[in-house]
Amino acid sequence: MGLLLIAEGSSIVEATSSLCGALSLHRVRTIEEATQYLEENPVRAVVIELPVSGCDTVTALSRIQARHAGLPIVVIGSSLGTKDVVRMTQLGAFQVLSASEPASEILQWIMQAREASSHLLEAPDSDAEAQPWKRYLVGQSWPMRVLGEMIRLVAPRRCTVLITGETGSGKEMVARAMHACSPRGQMPMVAINCSALPEQLLEAELFGYVKGAFTGAYTHRIGRIEHANRSTLFLDEIGEMPMSLQSKLLRVLQEREFQPLGTSETVRVDIRVIAASNSDLEEMVRKGRFREDLYYRLNVAPIQVPPLRRRRSDVPLLVRHFVQKICRLEDLPAKAVAAEAMVWLGNQSWPGNVRQLENAAEIAVALSGERLLLTLSDFAPVVSGSFEVGLPLVPDDGLDYNAVVDQFERGILERALQLADGSKKRAAELLRLKRTTFSAKLKSLNIETIDADADEEPESVSTSRVPALT
């Protein structure tokens, strides 16, 4: 497999004859030619030399990533601003370079992209069968492939790992993948959330205690650290650990020994520690809220989990994974997701990351009832919440405009009816519509409703019951 070059005019890459020979270069001039070539030929990396005629860079990146998620893309252009570089990186570019860079530097980055793809672009299904730890990582985007490679390299070692990332990004799944990939994977991983317990209970849970160590200690209890002997101890939200316990944890990391509460007996353990935090621990160290020596002990092998907005091409895979998982747990028949809904979901920013996406899938399965196809209306609670609603992206094969608009409108109408407990009158008021207009929209979209207004008093009648008109 070689390198695909997209360049309209004179090419910097082609000008270096040795580079062409080293990478088995194939050149095309348009994004249409590139997508067609990629459908028929495997490549190690793509280089885009700007400008590309008839297509802006954002569109070019999006179209390639949509069909070939994770393929390293190097962009070379002149007059690129900081915003351009950031935007292209967010869309999945492996590297963005200025055309004025030395040829040797451009060559170096292209070679890095080529080498990176050599072990990252394997078939995910065969990977999951050969390496079961990969079942914890759902996604084929470039950030997820890099993350998987870091886990593969670091997991067999004994070194302490610090996993950082936003809330809901999947830090615990990364920890479980690392444990499963390690020689300790046959033993169960022991996990504890440092923010879930007050200081005294957290200390007792971690270190254990002997009978009579404190009021209420009626028996001897082994702590989580000892339970994790010959296995992995996962400390979630390590930034919330009280300072008094941080010094005791430091000794565990340094000496691999500790003393349970109420005894001077020392217990030695063989553990591997993985910690996770959504806080900026460096900033906490500067403010005196986290021990500096503990931070450096934990941060031996740092791993950053990308937020979902940095790997939006993984959204379809994640949605299908969650829907299948929920249907299996609820003993429901398998359900699918409509194309329009999938396009819309893939265009959201997901501030709550993977956890928010899973919640959205669970709500959609519940609202779909007996239907086997999840539509945009099933994600109505997401639409109506404090959520960034983006315009749908138009896929390469196009979409049904009227169907997308109908699905979006259906979601709003059904959500209004839910909030109004089925009352058409109150639902129409929520949407600032006349009731006749609201009823007409329900009829045009074939939305069936139960007449919850039938028992309400008409506005102009106080003594007689008049059937509600629908």
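Which residue is the bridge partner of L162 in β12? In the predicted model described here, that partner is P302. The model is a prediction in which local features need pLDDT of at least 70 and side-chain atom pairs count only at pLDDT 80 or more, whereas totals for chains, interfaces and linings use all residues. Residues are numbered from 1 along each chain as its sequence is written, and side-chain values use heavy atoms, with hydrogens and water left out.

Helices (H or I, at least four residues) and strands (E, at least two) are DSSP runs numbered from the N terminus, and two strands are taken to pair if DSSP finds at least two bridges between them. On this basis, five strands form an open sheet with parallel pairing in the order β2-β1-β3-β4-β5. On average, neighbouring strands are turned by 20° against each other, direction ignored. Axes are lines fitted to C-alpha atoms, for helices over the stretch in contact, and angles run from 0 to 180 degrees between N-to-C directions. Strand β1 (residues 2–6) runs parallel to β2 and is joined to it by four bridges; L5 has R27 in β2 as its bridge partner. Helix α3 (residues 31–40) packs on the sheet, where it touches β1, β2 and β3 (43–49), and its direction makes about 160° with that of β1. Contact here means heavy atoms within 4.5 Å.

A further open sheet of five strands, also with parallel pairing, has the order β7-β8-β11-β6-β12. Here β7 (190–193) and β12 (301–304) stand at the edges, and because each has a single partner strand, one side of each lacks a neighbour in the sheet. Neighbouring strands of this sheet are turned by 20° against each other on average, direction ignored. Strand β11 (residues 272–277) pairs in the parallel sense with strand β6 (residues 161–164) over four bridges, and V161 has I274 as its bridge partner. Strand β8 (residues 232–236) likewise pairs with β11 in the parallel sense over four bridges, with L233 opposite V273. Four bridges also join β6 to β12, and these two strands run parallel.

In a regular strand the side chains alternate between the two faces of the sheet. In β11, six of six residues are buried, that is, under 20% relative accessible area, where over 50% is exposed and values in between are partly exposed (1.4 Å probe, protein chains only). Both faces are covered, with R272, I274 and A276 on one side and V273, A275 and S277 on the other.

Helix α8 lies across β6, β11 and β12, running at about 160° to β12. The 13 residues of α8 (residues 142–154) should span 18 Å at 1.5 Å a residue, and the end C-alpha atoms are 18 Å apart, which agrees; the expected span is 1.5 Å times one less than the number of residues. Its buried residues are W142, M144, R145, L147, G148, E149, I151 and V154.

The axes of α8 and helix α9 (residues 171–181) come within 9 Å and cross at roughly 40°. The two helices are therefore oblique to each other, given that angles under 35 degrees count as roughly parallel, over 145 as roughly antiparallel, 65 to 115 as roughly perpendicular and the rest as oblique. Residues L147, I151, R152 and V154 of α8 meet V174, A177, M178 and C181 of α9.
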